[in-house]
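I am opening the notebook on this structure.

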Amino acid sequence: MPSRSRRLLATVVGTLLLCCVSSPSWGQTPSSAEPTRIALRAARLFDGKSDRTLPDAVVLIEGSTIQAVGTGLSIPSGARVIDLGDVTLLPGLIDAHSHLLLDVDPENGGDGLLTPVAQSGTAERALLGAKLGREMLEAGVTTVRDVGNSGVNGDVALRNAIQRGWVQGPRISACTRALAPQGGQFPTLQLPAQSLIEQEYVTISGVEEARRAVRQALMDGADCIKVIVDNGHNLLSLEELKIIVEEAHRRKRPVAAHTTTDDSIRIAVQAGVDSIEHGYSLPDDVLAPMVRNRIFLVPTDGPMDVCDSFDTQTGNAERRRQMKERCKKNMAKAQERLRRAVAAGVRIAAGSDMYIVMPGLTRGQASVKWFIAYTEAGLKPVDILRAATVNAAELLRMQDQVGSLAPNKLADLLAVEGDPLKDIRALRQVRFVMKDGQVVLDARAQGRGPPQAVAADSPWSCPR
């Protein structure tokens with residue numbers, strides 16, 4: 001290649017590298033620039049705390065923070081006005097029980113947790129998490145608590161990548177590997193395969209191992225501690241759980257307790273965990289202690305129509321019928337326990353436990369569908385909205401940042417068609433999403449068509 005051509009090529013490549021490498025992350029502005037001022041206008045607004053919507057709503061945002069919320073507020077000169085029209089503005093939704101690094105497809109031979117762990121490394125699953133995280137964000141879920149099943153600290157890596165602006169996704173409260181009894185949540189494994197357990201869990205036996213496991217999780221970057229209290233094979237002891245809670249609370253980290261039986265729920269409540277995850281049975285004697293100690297229930301029940309999936313499966317027709325009936329019976333039992341919990345005053349935080357492929361739905365759409373399903377247990381729309389906003393934010397100990405629309409909170413919002421306080425199914429009609437004051441989805445330019453994701457505004461002009 002002639003020397004002049006080499007110099008020209010070097011100049012072009014150098015310019016591209018300088019532009020793209022030195023560009024700030026999405027939504028960031030050069031340090032010398034003034035924070036962007038934005039005024040959002042909408043027909044209605046639900047702030048996360050009230051039981052009614054605010055009409056003729058205006059939200060004033062500067063940089064990543066909400067400055068004011070009210071009816072017909074005066075808009076400062078120079079602010080960028082985004083008039084969203086006949087929609088309802090809401091705080092960004094929160095999924096308090098997510099699995100962003102897990103996506104099991106039963107139609108493609110997915111065999112629960114074992115297949116992805118055996119076939120995919122943490123790095124590959126973190127990249128999957130970036131895809132699923134973006135899908136959550138576009139559905140209006142701007143914050144999630146990832147409760148494990150993320151390989152060796154893959155959730156921490158994804159959380160950090162999002163914070164640094166390398167990828168777009170929800171704000172993540174990461175639990176790292178879950179603490180568990182021997183065996184984790186795997187079926188019985190042959191001895192050569194048992195090393196897979198430590199890819200997903202830190203197994204403990206005894207109080208000192210429990211203490212050490214919490215300290216290791218904190219060193220690994222955990223925002224929360226997830227503990228599997230029962231796994232079908234073993235049950236942690238009350239003493240072990242108390243040490244886990246003591247160590248976590250000493251460092252101001254909440255403890256999420258996976259519980260599916262009466263015994264494990266009772267032990268977890270007695271140990272003082274912050275949330276009961278699943279809690280399918282929830283015996284009556286734990287309701288008052290949960291209320292008194294402000295322990296949340298994170299119900300992960302789906303809609304009753306998930307039981308219809310057995311109709312589409314192949315195999316023995318009678319067996320499919322029996323499985324469908326068993327599914328409906330279990331769902332009805334779960335709905336009944338949720339009604340008892342709400343009637344007793346137990347606080348609810350929304351969690352989807354979504355980790356499987358739902359045909360025709362993105363991960364975010366599937367998760368929101370699970371929230372909407374709380375109506376089948378009799379929850380009112382306002383209670384569901386609070387469970388997915390202000391309540392979940394308190395559980396994650398992020399109430400000073402997210403969960404409601406108020407001054408000094410982060411500008412995490414979504415806009416939906418209709419009024420979700422009247423019909424919670426309006427959450428399916430997402431028209432606008434903002435996180436940290438940056439627009440990540442805006443359907444206005446598409447008319448009534450499907451929402452389109454957009455890149456956040458950048459002050460830099462870099463070839464794409």
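I take helix axes as lines fitted to C-alpha atoms over the stretch in contact, and angles between N-to-C directions run from 0 to 180 degrees. I take helices (H or I, at least four residues) and strands (E, at least two) as DSSP runs, numbered from the N terminus. The model is predicted, so I note that local features need pLDDT of at least 70, side-chain atom pairs count only at pLDDT 80 or more, and totals for chains, interfaces and linings use all residues. Residues are numbered from 1 along each chain as its sequence is written, and side-chain values use heavy atoms, with hydrogens and water left out.

**Entry 1: α6 and α7**

Two packed helices are described by the angle between their axes and the distance between the axes. I looked up helix α6 (residues 207-219) and helix α7 (residues 238-250), which pack at an angle of about 30° with axes 8 Å apart. They are therefore roughly parallel to each other (angles under 35 degrees count as roughly parallel, over 145 as roughly antiparallel, 65 to 115 as roughly perpendicular and the rest as oblique).

For contact I use heavy atoms within 4.5 Å. On the α6 side I list Val207, Ala210, Arg211, Val214, Arg215 and Leu218. On the α7 side the contact residues include Glu239, Glu240, Ile243 and Ile244. The residues of this contact of α6 with α7 divide into seven nonpolar, no polar and seven charged. Here Ala, Val, Leu, Ile, Met, Phe, Trp, Tyr, Cys and Pro count as nonpolar, Asp, Glu, Lys and Arg as charged, and the others, Gly among them, as polar.

**Entry 2: α7 and α8**

I then looked up α7 with helix α8 (residues 262-271), and found an angle of about 40° and axes 9 Å apart. That makes α7 oblique to α8. The crossing of α7 and α8 is right-handed. Leu238, Leu241, Lys242 and Val245 of α7 meet Ile267, Ala268, Gln270 and Ala271 of α8. I count the residues of the contact of α7 with α8 as six nonpolar, one polar and one charged.

**Entry 3: a ring pair**

Rings of Phe, Tyr and Trp (its six-membered ring) pair if their centres lie within 6.5 Å; planes under 30 degrees apart count as stacked, over 60 as edge-to-face and the rest as tilted. How many aromatic pairs does this rule give? The count comes to one aromatic pair. The rings of Phe186 and Tyr201 have centres 6.0 Å apart and planes at 90°, so the pair is edge-to-face. Phe186 lies in the loop between β9 (178-180) and α5 (197-200), and Tyr201 in strand β10 (residues 201-203), so the pair ties together parts that are 15 residues apart in sequence.

I call a residue buried under 20% relative accessible area, exposed over 50%, and partly exposed in between (1.4 Å probe, protein chains only). Phe186 is buried, at 2% relative accessibility, and Tyr201 is buried at 1%.

**Entry 4: single residues**

His278, in strand β13 (residues 275-278), has a phi near 75°, a positive value in a residue other than glycine. His278 is buried, at 4%.

Asp436 has a positive phi near 55° and sits in the loop between β16 (430-435) and β17 (438-442). Asp436 is partly exposed, at 27%.

Definitions and conventions:
A crossing is left-handed if the near helix is turned anticlockwise from the far one by less than a right angle, and right-handed if clockwise.
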